[in-house]
Amino acid sequence: MAKRMQAPKEFASEWLLNTAEGDVGSWSALDESGPDKLGVGIFFRHQPEDGSMRVVSIVPGSAAHKSGVIVTGDKLISVDEESVFGWNLKVLRGRLHGTPGSHVTLDMENTNGRKENRQRYRINLARGSPEFIAYSDLFGPANAAQLDALVLQKREEQKFNAMVEKQLKVEQARFAQSQERRRQAEGQEMAMRQQLEDAQRELFEEEQKLSEGAAEMTLLKALSSNTPNSLW
């Protein structure tokens with residue numbers, strides 16, 4: 001049976017999930033999915049050789065970073081006591097993300113050093129952006145959510161205002177160019193009108209000269225025809 005042809009968007013999404021993230025890594029714990037769904041600030045990478053999820057980096061200021069426990073290379077064992085074996089990064093992201101201020105429990109294994117020295121540990125982390133975590137430490141989770149929403153709204157307003165200002169500058173530049181082209185066109189029109197008036201004046205003067213010359217010739221002919229022959 002022939003495989004259904006995928007739309008470009010579907011193909012790109014599948015490639016990102018199955019190829020790019022598996023080979024390069026993932027922002028599985030914290031990304032731009034929106035203020036209502038955030039993670040704990042851990043970048044994971046899927047290890048194809050054993051199917052494990054490994055920490056590749058930690059977002060500064062996040063709950064994971066502030067814990068001081070998780071380090072790069074650590075292996076994720078379970079999320080809320082559910083094994084992550086067989087998960088892909090999309091599933092992991094969905095389980096790590098949640099409402100800012102909510103918590104998720106991770107079972108981890110420190111894999112640095114010899115195999116016999118590996119240690120497992122459990123850690124409970126708050127979800128949220130680094131800003132939310134900082135606000136939460138200062139003002140409590142409830143106030144932090146409000147502050148985080150206000151900050152996000154302010155940022156969106158700043159982006160919108162910047163976009164409007166940029167567009168306004170573009171329109172102002174276009175208007176200035178249009179005015180300049182109009183002034184140039186008016187100048188060219190005035191110059192052409194002046195040239196036309198000069199040409200018309202020169203033509204009139206030439207016609208006057210020709211008319212005067214013709215009148216003189218007519219007068220001379222008349223005079224010559226009325227002169228008696230005896231005078232010669």
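Is K169 buried or exposed? K169 counts as exposed, because its relative accessibility is 52%, where buried means under 20% relative accessible area, exposed over 50% and partly exposed in between, with a 1.4 Å probe and protein chains only. The structure is a predicted model, in which local features need pLDDT of at least 70 and side-chain atom pairs count only at pLDDT 80 or more, while totals for chains, interfaces and linings use all residues. Residues are numbered from 1 along each chain as its sequence is written, and side-chain values use heavy atoms, with hydrogens and water left out.

The secondary structure comes to 5 helices and 6 strands, taken as DSSP runs numbered from the N terminus, with helices being H or I of at least four residues and strands being E of at least two. From the N terminus on, these elements follow the order α-β-β-α-β-β-α-β-β-α-α. Of the 232 residues in the protein, 26% are buried.

Strand β1 (residues 42-47) is joined to β2 by 6 bridges, and the two run antiparallel; strands are said to pair if DSSP finds at least two bridges between them. Within this pairing I42 stands opposite I58 in β2, and the two strands form a hairpin with 4 residues between them, where G51 in the turn has a positive phi of about 75°. Strand β3 (residues 75-79) is also antiparallel to β2, with 2 bridges joining them, and the bridge partner of R54 in β3 is K75. Because 5 of its 7 residues are buried, β2 is largely enclosed by the rest of the structure.

S62 counts as buried, since its relative accessibility is 0%. Its side chain reaches the backbone oxygen of V59 at 2.6 Å, and, leaving aside residues up to four places away in sequence, S62 touches V40, G41, P130 and I133, a contact being heavy atoms within 4.5 Å.

Helix α3 (residues 89-96) has L89, L92, R93 and L96 as its buried residues. They cover an arc of only 100° around the axis, which puts them on the same side of α3; the arc is that of the directions from the helix axis to the C-beta atoms. On the other side of α3, K90 and G94 are exposed. The N-terminal end of this helix is capped by N88, with a side-chain oxygen 3.1 Å from the backbone nitrogen of K90.

The whole structure holds 11 salt bridges, each defined as a side-chain nitrogen of Lys or Arg within 4 Å of a carboxyl oxygen of Asp or Glu. One of them joins R95 to E82, with the closest N and O atoms 2.5 Å apart. R95 lies in helix α3 and E82 in strand β4 (residues 82-83), so this pair ties together parts that are 13 residues apart in sequence. E81, D107 and R122 are linked in a network of salt bridges.

To return to K169, this residue forms a salt bridge with E165, the closest N and O atoms being 3.7 Å apart. Both belong to helix α5 (residues 141-225), where, because they are 4 residues apart, about one helical turn separates them. E165 is partly exposed, with a relative accessible area of 45%.

Conventions:
Polar contact = N/O pair within 3.5 Å; in protein donor to acceptor, adjacent residues only side chain to side chain.
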